[in-house]
Amino acid sequence: MNQEEKTEAVIRQLKENGHRITAQRKLLIQIILENECSSCKEIYFAAKEKDRKVGMATVYRMVQLLEDMELIHKEMVVRL
């Protein structure tokens, strides 16, 4: 499964669980799946390069949501 397919699979699961897919959420999903980020801060800085409006709270909420849905695990993203 390539990155685009993985991104679409995550988006599909989010939609199935009643979550809206915003441009920022899609961007964060892509960054998380494409990069080996070791912290929410790294995700934030990578996202900030592409969209200056992304906030740190948005990153934390998205990571928590993906963890709650068991789409990512804490080993993948370590919060600092």
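E70 is exposed, with a relative accessible area of 62%; exposed means over 50%, buried under 20%, and partly exposed in between, using a 1.4 Å probe and protein chains only. The model is predicted: local features need pLDDT of at least 70, side-chain atom pairs count only at pLDDT 80 or more, and totals for chains, interfaces and linings use all residues. Residues are numbered from 1 along each chain as its sequence is written, and side-chain values use heavy atoms, with hydrogens and water left out.

E70 sits in the segment after α4. Its phi is positive, about 60°, although E70 is not a glycine. Most residues other than glycine have a negative phi.

Now step back into α4 itself. Helices here are DSSP runs of H or I with at least four residues, and strands are runs of E with at least two, numbered from the N terminus. Helix α4 covers residues 56-68, which is 13 residues. How far apart should its ends be? At 1.5 Å a residue, the helix should span 18 Å. That expected span is 1.5 Å times one less than the number of residues. The end C-alpha atoms are 18 Å apart, which agrees.

Which residues of α4 are buried? They are T58, V59, M62, V63, L65, L66 and E67. An α-helix has 3.6 residues a turn, so residues three or four places apart point the same way. The cover over the buried residues of α4 includes α1 (3-16), α2 (23-34) and α3 (40-50).

A nonpolar core is a set of buried Ala, Val, Leu, Ile, Met, Phe, Trp, Tyr and Cys residues joined through side-chain atoms within 4.5 Å. The largest one has 20 residues, and L14, L28, I43, V59, M62, V63 and L66 touch the most other members. Two or more residues come from each of α1, α2, α3 and α4.

Take V59 first. V59 lies in helix α4 and counts as buried at 1% relative accessibility. Beyond residues up to four places away in sequence, V59 touches L28, C40, I43, Y44 and V54, where contact means heavy atoms within 4.5 Å. V59 and I43 are 16 residues apart along the chain, yet their C-alpha atoms are separated by 7.2 Å.

L14 belongs to helix α1. At 0% relative accessibility, L14 is buried. Leaving aside neighbours within four places in sequence, its contacts are H19, I21, I29, M62, L65, L66 and M69. L14 and L66 are 52 residues apart in sequence and 8.6 Å apart in space, C-alpha to C-alpha.
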